[in-house]
Amino acid sequence: MAGRGPDATEHLVLPGVLTAEQAAETVAGILAVQHQDGAIPWFRGHHLDPWDHVEAAMALDAAGEHTAAARAYEWLARHQNEDGSWYAAYEDPAGPGAVGAGAGVAGAGTGADSGHTITRPSDLGRETNFVAYAAVGIWHHYLATGDDAFLDRMWPVVHAAIEFVLVLQQPGGQLGWKREADGTPVNDALLTGSSSVHQALRCALAIAEEREEPQPDWELAAGALGHAIRRHPERFLDKSRYSMDWYYPVLGGAVTGAQATARIAAGWDRFVVPGLGVRCVVPNPWVTGGESCELALALWVMGESDRALEVLQSIQHLRAEGGMYWTGYVFEGNRAVWPEERTTWTAGSLLLAVAALGGDEATTAVFSGERLPRGLEPDCCR
C-alpha cells in the first residue's frame, strides 16, 4: 500500500501547504516508520506512545491507507492490558537505520523491517488521555471504511479502555491524570488531557450507538467532564503556559460558539508567532508543528478555515527532506531546528488538519462533533 502515488492523496492538496506529490511523500514517510506488526513509533529507534500511535494511524486512514491503519489498531488490541489500559510508552528495538528520524523509505512499513516488533513497555504509567484516544481512532477508521467486522472486533477494546479511564473520574467531573506503575491513582487533572478524553468519550458513545449498546454511565461522564472543562478551570492543574491548554478545550469539543471564539482570541497574541507557527510554551521562543496543526484544526472546528490555512502555511519551514516534519524550531539565538526529530505524529497532525480543511468525511465527522453524542449535563447545570 505504500507506493500508491499522488492520485491517492489528491484530497490532501492544500495551496501553500501540500501538493499531491508532497502529500504522497509524507504518507510514505509514515508508512516507512510503521513496523510490520502495525506499531507506529515516533520514529525508528524511538518509543511508541498510544496517543501518537493513534494520531498517525488516523492520518493513514485520511490518506486512504486503510490496511496499514487497521494494522495499527490491531496492534493496540493485542497489547491492551487486562484492566483496559496501555502503558505510557513502549520501546522500539529497531535502531534508526536507513529511515533515520523518520526520513521515509517507501515500503518499510509493509514488512521491510527485519521482523522487529514493539512489545516491551518503557514507561509503566497508564495515562487516561492516552488510553481513551483509541476510541477516536477506531471510530474514525470505521467512518472511513464502513468495516462492521472491524468495529465488532474493536468494541471490547474500546469498552475496556473507557471503563479504565472512568474509574479515575473525580467528583467534579475532571479526570485524574494517570495511574502510576504500581497502580497508585494520580487524581490531579490536566485540562488538555481531559479535553482530549472528552472527544474520545463522545466517539466511544457513537460506537456504542452504532452497535445499539447504550452506555448511560458514559453519557453522564461525558456531560460532567464537559461541564468541568467549560465552567470550572480551578479543578485542573494550572498549565496555562502551554498552548495546548489554550486551544484543546475547543479542539476536544467541550468549548464551542462564542466561548470558543473568546478563548482563542484571548490567547492569540500570546501563543501565535506570525509566519512561524505556535509556541509550545510561553515564554520559550520555540514553535512546534504539532501544536500549530492542532490549533489549525481547532480553528477549522470554529468555522475559521482561512485562519487555519494561514497557520498551516506558516509552518512549511518545518518540512524536511523525505516529506516528514521537524518537531519544532527555536526562533531566537541560534535559530535552529530543535529537537532534530521528524516525528510521525507531527506529520500525522498536519495530514489530519489538511484532511479536515479538504472535507474528508471521516475526519470532519470526528473533529467537528456535529454527529457525535454530547453526553448529559449534571442535573444542577441543565
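# Helix packing and pockets in a predicted model

Modeller: In this predicted model, Gly172 is found in the loop between α6 (148-166) and β4 (176-179).

Biologist: How do you know that Gly172 touches residues beyond four places away in sequence, and which are they?

Modeller: A touch requires heavy atoms within 4.5 Å, and by that criterion Gly172 touches Ala224, Ala228 and Arg235. For Ala224, the separation from Gly172 is 52 residues in sequence and 7.3 Å in space, C-alpha to C-alpha.

Biologist: What makes α7 roughly parallel to α9?

Modeller: The axes of α7 (residues 191-210) and α9 (residues 243-251) come within 8 Å and cross at roughly 20°. Angles under 35 degrees count as roughly parallel, so α7 is roughly parallel to α9. The crossing of α7 past α9 is left-handed.

Biologist: Which residues in α7 and α9 meet?

Modeller: On the α7 side they are Leu191, Thr192, Ser195 and Ser196, and on the α9 side Met244, Asp245, Tyr248 and Pro249. By class, this contact of α7 with α9 comprises 4 nonpolar, 3 polar and 1 charged residues.

Biologist: Why is α9 called roughly antiparallel to α10, rather than roughly parallel?

Modeller: The axes of α9 and α10 (257-271) come within 10 Å and cross at roughly 160°. An angle over 145 degrees counts as roughly antiparallel, and therefore α9 is roughly antiparallel to α10. The passage of α9 across α10 is left-handed.

Biologist: Which residues in α9 meet α10, and which in α10 meet α9?

Modeller: From α9 come Ser243, Asp245, Trp246, Tyr247, Pro249 and Val250, while α10 brings Ala260, Arg263, Ile264, Gly267, Trp268 and Phe271. The contact of α9 with α10 divides into 8 nonpolar, 2 polar and 2 charged residues.

Biologist: What makes α11 roughly antiparallel to α12?

Modeller: Here the axes of α11 (289-301) and α12 (residues 305-314) come within 8 Å and cross at roughly 170°. This value is again to be set against the limit of 145 degrees, so α11 is roughly antiparallel to α12. The contact involves Ser292, Cys293, Leu295, Ala296, Leu299 and Trp300 of α11, together with Ser305, Arg307, Ala308, Val311 and Leu312 of α12. In this contact of α11 with α12, 8 residues are nonpolar, 2 polar and 1 charged.

Biologist: How do you know which elements contribute to the lining of the largest pocket?

Modeller: A lining residue has an atom within 4 Å of a pocket point. The largest pocket has a volume of about 950 Å³. Of its 34 lining residues, Asn129, Phe130, Thr192, Met244 and Glu291 are the closest to its centre. At least two lining residues come from each of α2 (50-62), α4 (128-132), α7, α9, β8 (286-288), α11 and α13 (344-357). The lining comprises 15 nonpolar, 9 polar and 10 charged residues.

Biologist: Which element supplies the largest share of the lining of the second largest pocket?

Modeller: That element is α10, with 5 residues. The second largest pocket holds about 250 Å³ of space and has 16 lining residues, with Leu191, Pro233, Ser240, Asp245 and Arg263 nearest its centre. At least two lining residues come from each of α8 (216-231), α9 and α10. Its lining is made up of 8 nonpolar, 2 polar and 6 charged residues.

Key
Residues are numbered from 1 along each chain as its sequence is written. This is a predicted model: local features need pLDDT of at least 70, side-chain atom pairs count only at pLDDT 80 or more; totals for chains, interfaces and linings use all residues. Side-chain values use heavy atoms; hydrogens and water are left out. Axes are lines fitted to C-alpha atoms, for helices over the stretch in contact, and angles run from 0 to 180 degrees between N-to-C directions. Helices (H or I, at least four residues) and strands (E, at least two) are DSSP runs, numbered from the N terminus. Angles under 35 degrees count as roughly parallel, over 145 as roughly antiparallel, 65 to 115 as roughly perpendicular and the rest as oblique. A crossing is left-handed if the near helix is turned anticlockwise from the far one by less than a right angle, and right-handed if clockwise. Ala, Val, Leu, Ile, Met, Phe, Trp, Tyr, Cys and Pro count as nonpolar, Asp, Glu, Lys and Arg as charged, and the others, Gly among them, as polar. On a 1 Å grid over the protein atoms alone, a cavity is a set of points where a 1.4 Å probe fits but cannot get out, and a pocket is an open set with protein on both sides within 12 Å along at least five of seven lines; lining residues have an atom within 4 Å of a point. Grid points are joined across faces, edges and corners, and a volume is the space filled by probe spheres set on the points.
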